[in-house]
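Here is a short briefing on one structure. Please keep the sequence and the model open while reading.

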Amino acid sequence: MNTGAPLLSVDNVSMHFGGLKAVDGVSLTVAAQQVVGLIGPNGSGKSTLINVISRIYDPTGGTVKLDDKEIAGVAVHEIAALGITRTFQNVRLFPTMTVRDNLRMGTTSATRAGFVTSGLALPAARREEKAVDQQVEDVAVLLGLEAQLDRVAGDLPYGLQKLTELGRALISNPKLILLDEPVAGMNSSEKQALVAALRRVRAARPVAFLLVEHDMAFVMSLTEYLYVLNFGKLIAQGSPEHVRADPGVIEAYLGVGHAES
Ligand SMILES: Nc1ncnc2c1ncn2[C@@H]1O[C@H](COP(=O)(O)OP(=O)(O)OP(=O)(O)O)[C@@H](O)[C@H]1O
């Protein structure tokens with residue numbers, strides 16, 4: 001699947017917190033429109049790596065490139081305009097705002113400036129606001145959220161809040177969405193709804209995903225390629241079938257189980 005220059009290229013990235021090597025010399029790539037999984041036992045460095053890619057952390061070492069351009073120096077609030085958006089392990093919506101307004105918050109700063117200045121009723125600003133309205137409608141239809149647009153986000157069931165968060169990540173037409181444990185806390189019908197929504201998104205939009213998840217059934221059903229972290233280091237990579245049979249991966253997971261038993 002990895003033909004041509006990768007969309008995302010993580011090269012020898014480390015993130016140390018004092019003496020703790022949370023991520024230690026990790027390299028991985030994500031091709032355009034590919035769905036890649038990042039798995040590993042608790043504390044293996046998955047979220048830390050997602051936080052480096054989304055510019056929450058400046059890595060201690062290594063480089064991250066999007067479309068062959070280094071993203072070091074890009075501010076965290078500028079990363080969506082570059083083409084990388086994300087969802088969080090715990091839902092981070094504006095709970096008192098409507099779904100529609102939460103989705104609007106995902107538009108990039110250039111578009112939002114248009115939205116604010118539309119108070120001046122400039123024709124260009126009005127056109128831009130209409131375009132944002134259309135983007136919101138399109139994403140809501142794609143995710144099955146059209147009936148929820150005027151509901152207050154905090155009143156929605158958990159699964160719909162997670163879909164709203166995905167919608168917010170989609171609204172700026174990113175090249176890459178980082179999903180940090182998207183099904184954590186979901187019941188099985190909510191998980192199925194998310195899998196179906198992600199399949200629709202893939203069919204409709206040219207977007208790649210890098211997803212961190214513990215739920216193996218979810219990972220196996222969606223990803224084309226997997227990377228496995230343990231104690232901050234990459235210990236395996238390959239197709240889901242290949243990784244599932246890798247003795248080092250089985251040991252990493254069983255090791256956790258043994259330590260707990
Ligand atoms: N801001 C921080 N300061 C200090 N240590 C941190 C920080 N963030 C993470 N760590 C540590 O780095 C290591 C990796 O944590 P991380 O959250 O990236 O793992 P994870 O693989 O995402 O785990 P989980 O699956 O449990 O979410 C852990 O030992 C964690 O305690």
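Y158 lies in helix α6. The model is a predicted one.

*Y158*

- Y158 has 12 C-beta neighbours inside 10 Å, so it counts as exposed.
- Y158 touches G185, M186 and E190, leaving out residues up to four places away in sequence.
- Y158 and G185 are 27 residues apart along the chain, and their C-alpha atoms are separated by 8.3 Å.

*The rest of α6*

- Helix α6 covers residues 158-170.
- It has 13 residues and reaches 18 Å from its first C-alpha to its last, close to the 18 Å expected at 1.5 Å a residue.
- Of the 13 residues of α6, 11 are buried, so the helix is largely enclosed by the rest of the structure.
- The cut-off for buried is 20 or more other C-beta atoms within 10 Å.
- The buried residues are L160, Q161, K162, L163, T164, E165, L166, G167, R168, A169 and L170.
- Their cover includes β6, α3 (99-104), α5 (123-143), β7 and α7 (188-204).
- Helix α6 lies across β6 and β7 and runs at about 170 degrees to β6.

*The six-stranded sheet*

- Six strands form an open sheet in the order β6-β7-β8-β3-β9-β10. The pairing is mixed.
- β6 (84-87) and β10 (233-238) stand at the edges. Each has a single partner strand, so one side of each is left without a neighbour in the sheet.
- From one strand to the next, the twist averages 20 degrees.
- Strands β3 (residues 35-39) and β9 (residues 225-230) run parallel and are joined by four bridges.
- G37 stands opposite L226 in β9.
- Helix α1 packs on this sheet and touches β3, β6, β7 (176-180), β8 (208-212) and β9. The direction of α1 makes about 150 degrees with that of β7.

*The four-stranded sheet*

- A second open sheet has four strands in the order β2-β1-β4-β5, with antiparallel pairing.
- The edge strands are β2 and β5 (69-70), and each pairs on one side only.
- Strand β1 (residues 8-17) is joined to β4 (residues 61-66) by five bridges, and the two run antiparallel. V10 has V64 as its bridge partner in β4.
- Strands β1 and β2 also run antiparallel, with seven bridges between them. H16 has K21 as its bridge partner in β2.
- The hairpin of β1 and β2 has two residues between the strands. There, G18 takes a positive phi near 60 degrees.

*The ligand shell*

- Which residues are around the ligand? They are F17, L20, A22, G40, N42, G43, S44, G45, K46, S47 and T48.
- Two elements give two or more residues to this shell: β2 (20-30) and α1 (46-53).
- α1 gives the most to the shell, with three residues.
- By type, the shell residues divide into three nonpolar, seven polar and one charged.

*V195 in α7*

- V195 is found in helix α7.
- V195 has 16 C-beta neighbours inside 10 Å, so it counts as partly exposed.
- Apart from its neighbours within four places in sequence, V195 is in contact with F218, S221 and L222.
- V195 and V183 are 12 residues apart along the chain, with 9.3 Å between their C-alpha atoms.

*Backbone points to check*

- Most residues other than glycine have a negative phi.
- Q33 is not a glycine, yet its phi is positive, at about 65 degrees. Q33 is found in the loop between β2 and β3. With 16 other C-beta atoms within 10 Å, Q33 is partly exposed.
- F231 is not a glycine either, and has a positive phi of about 50 degrees. F231 lies in the loop between β9 and β10. With 15 other C-beta atoms within 10 Å, F231 is partly exposed.

Notes
Residues are numbered from 1 along each chain as its sequence is written. This is a predicted model: local features need pLDDT of at least 70, side-chain atom pairs count only at pLDDT 80 or more; totals for chains, interfaces and linings use all residues. A residue is near a molecule or strand if its C-beta atom, placed from the backbone, lies within 6 Å of it. Ala, Val, Leu, Ile, Met, Phe, Trp, Tyr, Cys and Pro count as nonpolar, Asp, Glu, Lys and Arg as charged, and the others, Gly among them, as polar. Two strands pair if DSSP finds at least two bridges between them. Axes are lines fitted to C-alpha atoms, for helices over the stretch in contact, and angles run from 0 to 180 degrees between N-to-C directions. Two residues are in contact if their C-beta atoms, placed from the backbone, lie within 7 Å. The expected span of a helix is 1.5 Å times one less than its number of residues.
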